[in-house]
Amino acid sequence: MKYDLIVVGGGPGGLMAAKTAAEDGLKVVLIERKKNIAEITRACLSVFYIRKVTASPEVEEGKTHADGYIEPVSVELLPDKCRFHFPGPGFSLDYDGSYAPYYHWIDMSPSGYLIHRHKPNDKIWALFYDKEVFLAGLLSLAQKAGAEVLPETIGMGAENTPDGVKVRVRGKSGEQTLEARTAIAADGVSSIIVDSLGLNKDRKVMTPVVKILAYEIEGVETNLPPFSFLWISIPSLSPMPFGLGIAGMDRVLLFTMLSGTLSPTAVMDNFMKHPNFAPWFRNARIVKKTAAGADVGLRTPIREPVAGNVVIVGDAGAPVETWIQGALACGYMGVKAIEKELNGQKGYPEYIDWWQKAFAFNDPHYWKIATVYPLNQICTDEELDYIYSLFQGRVGCAMGLIEKNLELIKKGRPELYERLIKTKPPEAGS
Ligand SMILES: Cc1cc2nc3c(=O)[nH]c(=O)nc-3n(C[C@H](O)[C@H](O)[C@H](O)COP(=O)(O)OP(=O)(O)OC[C@H]3O[C@@H](n4cnc5c(N)ncnc54)[C@H](O)[C@@H]3O)c2cc1C
């Protein structure tokens with residue numbers, strides 16, 4: 001066979017897989033549909049989480065609720081670069097692009113009541129960094145190590161054969177079938193490869209289709225501290241909170257997530273014109289727009305992300321996101337599993353076991369906090385202000401605080417309490 005491994009998708013998961021495999025001496029080809037592989041076209045907030053994270057709704061001080069990767073990750077800030085350490089899988093990666101710290105993570109109600117997820121002015125909980133520079137670095141390392149890279153090539157489907165895998169691809173010169181001993185599906189959420197292998201059949205759809213729109217904006221003037229990340233909930237404008245990342249004062253990221261027929265552009269527009277927030281955007285200029293979405297709503301994760309000779313990594317097997325860190329860890333762990341199998345050892349069961357423990361979405365608690373108390377859909381603007389006013393100055397996340405203090409809400413607003421407790425989480429299933 002010409003290849004040991006075909007990697008479909010050149011995001012963080014696929015690039016890490018190609019780099020790891022090539023450095024370990026495997027014959028690897030990476031196919032990616034984009035022309036410029038490192039270019040980010042799908043919305044991403046470029047937050048690199050470095051606080052301890054947890055899948056539990058009992059948000060403890062010093063821990064961040066996660067929907068992605070929950071193994072510890074740390075960052076070493078060196079004079080000329082950052083070094084990201086992944087002690088679980090056992091690798092480190094250097095990054096020499098720009099970055100800014102995030103100190104504050106704040107939930108905000110329509111009238112400006114604030115709940116801090118960590119003690120204000122405490123330690124850095126994340127870095128804002130340049131994902132394009134980071135991915136370009138990974139691509140360069142993969143190519144230096146000998147990975148063959150085919151841009152502008154789309155993976156159309158994969159099929160297991162007795163001695164390997166066939167992947168149908170379409171490039172500039174037409175369609176062809178690539179063959180290898182193994183393959184990695186790293187083609188992100190709504191993966192074509194996963195679908196072609198029949199792995200979506202047992203996945204439940206948990207939410208309606210979500211559309212995401214993100215703006216990078218210059219000239220935003222808030223009275224909020226710089227280096228803050230906010231979730232701003234305004235039920236009258238959107239069924240989900242707005243995200244606002246203030247990475248220094250010169251660069252702000254604003255994004256919205258929506259389901260249903262609402263137009264993301266109109267919703268963003270309404271937010272920027274809302275009387276409480278319009279002063280922030282008086283002199284603002286949108287410099288970049290990106291979007292994201294899935295072909296169906298949020299699906300439950302793939303329980304066992306290996307099918308024959310194909311290993312699923314990153315978002316291809318997740319409900320929505322593994323995070324960049326999780327995708328990197330998957331790319332590395334997926335290749336290590338493949339190497340074991342190629343040497344006659346049992347690598348795939350180890351990978352499956354690791355996958356089931358390393359991600360919040362595989363923990364039933366995740367589904368509890370992700371699906372219960374969709375506050376914007378239950379409360380009015382005034383009710384949300386009431387709830388946030390109860391917890392103003394407390395440390396935690398709004399949903400976790402509500403969970404712990406339902407009796408307080410029952411006393412103050414019995415009718416609201418009844419509505420809150422009626423929202424039971426659905427069964428996460430397989
Ligand atoms: C709005 C939003 C904000 C986010 N913010 C953050 C954040 O701040 N921090 C964080 O850690 N994570 C964030 N994430 C999640 C993060 O972007 C993903 O978890 C991560 O990029 C997953 O990496 P991946 O390699 O699995 O998939 P992707 O990054 O999606 O990469 C998949 C690659 O495959 C290519 N591809 C797709 N289909 C094919 C095909 N058929 N053939 C060939 N190539 C194909 C795509 O072009 C893409 O390059 C965010 C996600 C969203 C939606």
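Strands are DSSP runs of E with at least two residues, numbered from the N terminus, as helices are (H or I, at least four residues), and two strands pair if DSSP finds at least two bridges between them. The model is predicted: local features need pLDDT of at least 70, side-chain atom pairs count only at pLDDT 80 or more, and totals for chains, interfaces and linings use all residues. Residues are numbered from 1 along each chain as its sequence is written, and side-chain values use heavy atoms, with hydrogens and water left out.

In strand β12, A126 stands opposite Y49. β12 (residues 126-129) and β3 pair in the antiparallel sense over 3 bridges. Both belong to an open sheet of 3 strands, ordered β3-β12-β9, with antiparallel pairing. β3 and β9 (99-102) each have a single partner strand and stand at the edges, so one side of each is left without a neighbour in the sheet.

β3 (47-49) also supplies at least two residues of the shell around the ligand, as do α1 (12-23), β14 (154-161) and α5 (323-342). α5 gives the most, with 3 residues. The ligand is surrounded by 33 residues (a heavy atom within 4 Å), the closest being E32, V47, G155, D315 and I324.

Polar contacts are pairs of N or O atoms within 3.5 Å. A ligand nitrogen atom is 2.8 Å from a polar backbone atom of G155. Ligand oxygen atoms lie 3.1 Å from a polar backbone atom of S46 and 3.2 Å from a polar side-chain atom of K131. The protein buries 94% of the 1000 Å² that the ligand exposes taken alone (Shrake-Rupley method, 1.4 Å probe).

Technical notes: Polar contact = N/O pair within 3.5 Å; in protein donor to acceptor, adjacent residues only side chain to side chain.
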